[in-house]
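Colleague: I would like a close look at one part of this model. Please take me through it step by step.

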Amino acid sequence: MSTGPTKPTPNGFENSLRPEEEQNKIDEMRKLIGPLSGKLALYCSDASISRYLVAQSWNVKKAAKMLKASLKWRLDFKPEEIRWDDVASEAETGKIYRSNYKDKHGRPVLVMRPRCQNTKSVEGQMKYLVYCMENAVVNLPEDQEQMIWLVDFHGYTLSNFSIKVTKETAHILQDYYPERLGIAILYDAPKIFEPFWKLAKPFLDPKTVSKVQFMYSEDPNSKKMMEELFDMSLVESAFGGDDKADFDVNKYAERMREDDKKLSAFWKKDDSSASNAQPTVTADPSLEPTNSDSDSEVLDEKVEKPSLDVDEEELSIEETLPRTANVKAV
């Protein structure tokens, strides 16, 4: 996991600031957040703070508010404590997994296969998504802050779409993992996906939408883009690559249990190094973790949870389907 300051390339950030300007923004953020210790101090590296600043177009107050909401969520949800055995039942079919290859920029790749959905619990599905995100983050190289999503739409049907899951996925990705997504490649999306994409887009930030790329196996431009991004000899055949091996949950479980050890080691680091790298501030110590319940109470201040209250039952799939559908590349 990268803990150093961000760089404009190749990590994917749209950084229009000079290094000294960026550092000034980071320092301003730290003054608004106040002193931190333990896991929160490790999380709030310069690179992490920069991601929130980029997500909010370098608006310090908005970025600080967003970061405070993330810190409260991390205190409550404890994503760093989720382990493979907690989510193994969700992972059995390979509906989401981290590939054993990275793209040519060193970005980890999460493969998603909607047809392989095997549970109905949104809570369980989101817990597994968070586990996968944390796993990808801990496998980032030092000069990289983003990952790739490869979505395999082969076998996709109407039953694979859920408004609630889509909303919650967008909420977690955008609010708690800002600027972690480099590119989301939707591969061979069928025509029936177009109305669902139209339903999903309102829940997505325009920056996120701009990172979504539709690619097709029969399209020469898609093939060229895939070859520019990946060593295709390592990529699954579902995405036009040479790897024809099926997902093996037992082998994957071995990898994840080893990664769990890596994750535990990272979060058990002595926070003195992270603290020493941060300026001592006295402003607003509201996020300093304690052993009392006051952490959550303080973090509730001025933190507004995005409203995602749309009843799935209120949306008729039949009503959203156009008479003709033609998905075009974005």
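In what order do the strands of the open sheet come, and what is the pairing? Start there, then show me what surrounds that part.

Modeller: Keep in mind that this is a predicted model. The open sheet has 5 strands, in the order β1-β2-β3-β4-β5. Their pairing is mixed. Begin at the edges. β1 (96-102) and β5 (212-215) stand there, and each has a single partner strand. One side of each is therefore left without a neighbour in the sheet. The strands are also turned against their neighbours, by 25° on average when direction is ignored.

Strands of a sheet pair through backbone hydrogen bonds, and the pairing is either parallel or antiparallel.

Take β1 next. Its partner β2 (residues 108-112) runs antiparallel to it, and 4 bridges join the two. Although β1 is an edge strand, it is mostly covered, with 5 of its 7 residues buried.

Now move along the sheet to β3 (residues 147-152) and β4 (residues 181-187). This pair is parallel, with 6 bridges. Pick out W149, whose bridge partner in β4 is A184. A helix packs on the sheet as well: α10 (residues 220-229) touches β3, β4 and β5. The direction of α10 makes about 125° with that of β5.

Next, leave the sheet for the helices. The axes of α1 (residues 19-33) and α3 (residues 46-55) come within 10 Å and cross at roughly 95°. The two helices are therefore roughly perpendicular to each other. On the α1 side, the contact is made by E22, Q23, K25, I26, M29 and R30. On the α3 side, it is made by D46, I49, S50, Y52 and L53. By class, this contact has 5 nonpolar, 2 polar and 4 charged residues.

Stay with α1 for one more residue. I33 is in this helix. Its relative accessible area is 2%, so I33 is buried. I33 and A64 are 31 residues apart along the chain, yet their C-alpha atoms are separated by 6.7 Å.

Finally, look at charged pairs. The structure holds 19 salt bridges. One of them joins R18 and E21, with the closest N and O atoms 3.3 Å apart. R18 is partly exposed at 48% relative accessible area, and E21 is partly exposed at 28%.

Compare the salt bridge of E134 and R74, which is 3.1 Å from N to O. E134 lies in α6 (residues 122-138) and R74 in α4 (residues 60-77), so this pair ties together parts that are 60 residues apart in sequence. Both E134 and R74 are buried.

One more pair sits in α11 (residues 249-267). K261 and E258 are 3 residues apart there, so about one helical turn separates them. Their salt bridge has its closest N and O atoms 3.2 Å apart. K261 counts as exposed, at 53%, while E258 counts as partly exposed, at 47%. Elsewhere, salt bridges that share partners join K39, R74, E80, E81 and E134 into one network.

Methods. Residues numbered from 1 in each chain as written. Predicted model: local features only at pLDDT ≥ 70, side-chain atom pairs only at ≥ 80, totals over all residues. Heavy atoms only, no water. Axes fitted to C-alpha atoms, helices over the stretch in contact; angles between N-to-C directions. Parallel < 35°, antiparallel > 145°, perpendicular 65-115°, else oblique. Contact = heavy atoms within 4.5 Å. Nonpolar A, V, L, I, M, F, W, Y, C, P; charged D, E, K, R; others polar. Pairing = 2+ DSSP bridges. Buried < 20%, exposed > 50% of the residue type's maximum accessible area, 1.4 Å probe, protein only. Salt bridge = Lys/Arg side-chain N within 4 Å of Asp/Glu carboxyl O.
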